[in-house]
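User: I have a model open and would like to go through its main features. Could we start with charge pairing?

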Amino acid sequence: MKNTLTTKEASKLLKVSVSRIEQHCRNKKRPLGKTFGKFSGVWVITPAEIKEFRKVGKLPPGAPRKGTQ
């Protein structure tokens with residue numbers, strides 16, 4: 001698996017915490033960790049997923065507002 005990142009490496013690139021990266025990987029609506037998924041208990045993230053994540057942007061903190069989807 002050439003050119004892949006772990007959650008720790010992705011968190012440094014995106015300037016968010018490792019736990020936040022793991023939350024995005026578990027969230028089915030976010031583009032992180034979808035290509036390879038988990039491998040030996042570690043999320044595997046591709047550069048293409050990082051690029052897509054930057055295009056979509058970060059989720060705002062807190063619960064979503066009512067009536068917006």
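Analyst: Glu52 forms a salt bridge with Lys55, with 3.5 Å between the closest N and O atoms. A salt bridge here is a side-chain nitrogen of Lys or Arg within 4 Å of a carboxyl oxygen of Asp or Glu. The model is predicted: local features need pLDDT of at least 70 and side-chain atom pairs count only at pLDDT 80 or more, while totals for chains, interfaces and linings use all residues. Residues are numbered from 1 along each chain as its sequence is written, and side-chain values use heavy atoms, with hydrogens and water left out.

User: Where do Glu52 and Lys55 lie?

Analyst: Both are in helix α3, three residues apart, about one turn of the helix. Helices (H or I, at least four residues) and strands (E, at least two) are DSSP runs numbered from the N terminus. In general, an α-helix has 3.6 residues a turn, so residues three or four places apart point the same way.

User: Are Glu52 and Lys55 buried or exposed?

Analyst: Glu52 is partly exposed at 34% relative accessible area, and Lys55 is exposed at 63%. Buried means under 20% relative accessible area, exposed over 50%, and partly exposed in between (1.4 Å probe, protein chains only).

User: How many salt bridges does the structure hold?

Analyst: The structure holds one. Glu49, also a residue of α3, is buried yet has no salt bridge. The nearest side chain of opposite charge is that of Lys34, 7.7 Å away; Lys and Arg count as positive and Asp and Glu as negative, with His and the chain ends not counted.

User: Which residues does Glu49 touch, then?

Analyst: Leaving out residues up to four places away in sequence, Glu49 touches Pro31, Leu32, Gly33, Lys34, Thr35 and Val44. Contact means heavy atoms within 4.5 Å.

User: Changing topic: what makes up the largest nonpolar core?

Analyst: That core has 11 residues: Leu5, Ala10, Leu14, Val16, Ile21, Cys25, Leu32, Trp43, Ile45, Ile50 and Phe53. The elements giving two or more residues to it are α1 (7-14), α2 (18-26) and α3 (47-56). A nonpolar core is a set of buried Ala, Val, Leu, Ile, Met, Phe, Trp, Tyr and Cys residues joined through side-chain atoms within 4.5 Å.

User: What is Ile45 in contact with?

Analyst: Apart from its neighbours within four places in sequence, Ile45 contacts Thr4, Leu5, Thr6, Thr7, Ala10, Ile21, Cys25, Leu32, Gly33 and Ile50.

User: And which residues of α1 are buried?

Analyst: Thr7, Ala10, Ser11 and Leu14 are buried in α1. Seen down the helix axis, they fall within an arc of 105° (taken from the directions from the axis to the C-beta atoms), so they line one face of the helix. These buried residues pack against α2, β2 (42-43) and α3. The face turned away from the buried side carries the exposed residues Lys8 and Lys12.

User: What follows α1?

Analyst: Lys15 follows α1, with a positive phi near 60°. Lys15 is placed in the loop between α1 and α2 and is exposed, at 72% relative accessibility. Ser40, in the loop between β1 and β2, likewise has a positive phi, of about 55°, although it is not a glycine.
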